[in-house]
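Me: I would like to learn how to read a structure of this kind, feature by feature. Could you take me through it slowly, with the general idea and then the case at hand?

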Amino acid sequence: AAYLASSGDRKVTLVLPWLSKADQQRVFPADVTFETPEEQEDFVRQWARNRTGLECNFKVAFYPGRYAAEKGSILPVGDITTVIPDHEADVAVLEEPEHLNWYHHGRRWTDKFAHVVGVMHTNYLDYARREEGGQVKEALLKHINAWMCRIYCHKVIKLSDAVQPLPRQETMFVHGVSPSFLKVGQSKAQMVASGERPWSKDVYFLGKVLWAKGYTELLDRLNEHTQRTGQRIHVDVYGSGPDLKAVEDEASRRNLDLSFRGARDHADTSLQDYKVFINPSLSDVVATTTAEALAMGKFVVCAEHPSNKFFEQFPNCLIYRNPEEFSQQLHRALTSDPQPLMPHQLHSLTWEAATERFLDIAELRPGSIGPLDVALDNVLAAAHNLLTGVEGLRVVAGAGARTRDMPARITDYQPSDSDVGGLFDDKSRARRIYSKPDEKHQKGPEGGAIKPGPGALGVRPLAPVQQLARAAAAAAVASVPPSEAAGPEAAVQSSMVAAPAAPAAATK
């Protein structure tokens with residue numbers, strides 16, 4: 001949102017979820033809560049200014065949301081499209097459009113906006129298949145996600161092909177990294193040029209402590225490496241989360257040399273001197289942590305996987321295809337030094353470059369949607385609107401009670417602890433969280449920073465809402481004078497409505 005607004009020729013609105021105080025305490029870091037939406041807006045805007053160095057001349061709007069603990073996600077309450085005035089409804093960017101619209105009831109996005117772009121951040125199918133009854137959940141969710149994207153988006157952008165096939169899709173990495181990471185990389189390159197030793201620490205891993213966030217693969221690869229070579233590689237692990245105790249116990253059982261350091265922002269100075277970042281995760285769509293580590297000039301050891309395709313162009317990205325190659329690449333990283341990145345490589349990691357890629361790929365190509373597609377979309381949209389209008393079906397499906405209609409004021413909605421999920425949800429997860437209302441268990445997916453999740457449009461302050469609740473995404477909305485709008489393609493270039501859903505949260 002900040003970079004879209006920085007050109008000055010677009011009016012951008014960042015749309016975020018407002019959570020009740022009880023949900024804020026479950027989702028946000030321990031020391032962060034807000035009494036009013038205005039207070040949260042000030043926090044977000046200041047955070048974005050500090051992170052980007054930009055004026056951040058975007059508007060901020062809120063919609064009521066609820067933290068669905070059983071999903072680890074924030075879900076919208078009511079019809080988000082009503083938050084944006086009709087005269088500003090030009091282009092909508094829906095962060096995680098499938099997530100945002102699972103339970104959407106109301107006006108269709110493609111009816112209100114001239115052009116709707118969905119950005120896919122999360123591999124929900126991977127998360128679903130890891131749960132009990134995972135094969136059934138995965139198959140069902142695959143069709144629902146495609147359904148949501150088809151009826152509510154003119155164009156879908158996948159950050160990588162780790163995401164399922166979708167209608168009207170394009171694959172492009174349209175994310176960037178904060179300038180602070182690039183500055184670290186530049187300072188390390190200057191140290192190398194002057195003959196100094198820039199790296200005083202060896203290997204680390206950073207991520208929210210969930211088995212699905214790469215910890216299964218991390219322990220497996222390190223265990224295989226030890227058995228094959230007899231070497232116990234020391235790794236510092238940064239992050240917090242509900243699986244921390246289980247991961248610690250399993251690492252101890254396997255006699256692995258891991259030190260758990262707690263939650264830490266990836267930009268923290270204490271992490272800048274590590275030379276090697278291991279990221280073996282296979283659940284990511286694109287790992288922001290990998291981009292950040294590369295920007296800081298580090299080696300990254302990661303698996304050959306669609307989520308890492310964009311990073312293969314960087315010489316410091318060491319790809320492995322099997323356990324033997326993992327050992328080889330890890331040895332290479334520990335016994336040599338990373339190459340300083342070239343200017344064009346650094347630029348490709350910036351949000352400026354990401355915004356350029358986004359504006360290019362977001363355009364709707366002529367003839368992309370034919371008359372038969374339009375007719376089928378209309379039928380599917382009517383069916384979805386009908387189904388989501390029935391309260392009993394909504395509750396069974398996991399939307400939560402009394403979430404169909406928007407309250408008179410966004411601050412009026414109060415969630416119920418009795419809403420612990422629907423037919424396919426892990427209700428025990430919700431009960432565990434609701435039984436400890438005062439426990440501040442979320443510190444952000446990467447161990448402290450709030451990760452921009454669905455609907456964060458690059459803003460990290462709400463990370464808990466976002467990575468904590470990989471949640472309802474929203475949209476970036478922008479508007480331009482009618483005289484300047486020459487169709488959807490021109491609209492993308494001239495105006496945006498950014499409606500991110502809740503910064504996705506804890507469990508994507």
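Predicted model: local features only at pLDDT ≥ 70, side-chain atom pairs only at ≥ 80, totals over all residues.

Me: Which strand pairs with strand 6 over four bridges, and in which sense?

Reply: That partner is strand 5, which covers residues 115–120 and pairs with strand 6 in the parallel sense. Here Val-119 is the residue that stands opposite Ile-157 in strand 6.

Me: How should I read the two faces of a strand, and which residues of strand 6 lie on each side?

Reply: The general idea is that side chains in a regular strand alternate between the two faces of the sheet. In strand 6, Lys-155 and Ile-157 lie on one side while Val-156 and Lys-158 lie on the other, and all of them are buried, so both faces of the strand are covered.

Me: Are the two partners buried or exposed, or something in between?

Reply: Lys-155 has a relative accessible area of 4% and is therefore buried, the limit for that class being under 20%. Glu-170, with a relative accessible area of 26%, is partly exposed.

Me: How many salt bridges does the structure hold, and what do other examples look like?

Reply: The structure holds 35 salt bridges. Among them is the one between Glu-325 and Arg-321, where the closest N and O atoms are 3.1 Å apart; Glu-325 counts as partly exposed at 22% relative accessibility, whereas Arg-321 is exposed, with a relative accessible area of 52%. Another joins the side chains of Asp-405 and Arg-404, at 3.1 Å from N to O, and here Asp-405 counts as partly exposed at 45% relative accessibility, as does Arg-404 at 30%. Salt bridges can also share partners, and in this way Asp-126, Arg-129, Arg-130, Glu-138 and Glu-217 are joined into one network.

Me: Where is His-105 placed, and what does its side chain reach?

Reply: His-105 is found in the loop between helix 4 (97–101) and helix 5 (109–112), and because its relative accessibility is 18%, it counts as buried. The side chain of His-105 reaches the backbone oxygen of Asn-385 at 2.9 Å, and it also makes a polar contact with the side chain of Thr-388 at 3.3 Å. If residues up to four places away in sequence are left out, His-105 touches Asp-79, Asn-385, Thr-388, Gly-389, Arg-394 and Arg-404.

Me: Which residues make the nonpolar surface patch of about 470 Å²?

Reply: The patch is made by Val-136, Leu-140, Val-396, Leu-423 and Phe-424. One of these, Leu-423, is found in the loop between helix 16 (391–397) and helix 17 (427–434), and Leu-423 counts as exposed because its relative accessibility is 63%, where the class begins over 50%.

Me: How many residues of strand 1 are buried, and with which strand does strand 1 pair?

Reply: Strand 1 (residues 11–18) is mostly covered, with seven of its eight residues buried. Strand 1 pairs with strand 2 (residues 59–68) in the parallel sense over six bridges, and Trp-18 stands opposite Pro-64 in strand 2.

Me: What do the totals for the protein look like, in elements, cover and contacts?

Reply: The protein has 19 helices and 15 strands, and 59% of its 508 residues count as buried. Its accessible surface comes to about 19,300 Å², of which carbon and sulfur atoms account for 52%. Among contacts with a separation of 6 or more, 73% are between residues 24 or more positions apart.

Key
Residues numbered from 1 in each chain as written. Heavy atoms only, no water. Salt bridge = Lys/Arg side-chain N within 4 Å of Asp/Glu carboxyl O. Buried < 20%, exposed > 50% of the residue type's maximum accessible area, 1.4 Å probe, protein only. Patch = residues over 30% accessible without salt bridge, like charges linked within 9 Å, V, L, I, M, F, W, Y side chains within 5 Å. Areas by Shrake-Rupley, 256 points an atom, 1.4 Å probe, with all protein chains shown as cover. Polar contact = N/O pair within 3.5 Å; in protein donor to acceptor, adjacent residues only side chain to side chain. Contact = heavy atoms within 4.5 Å. Pairing = 2+ DSSP bridges.
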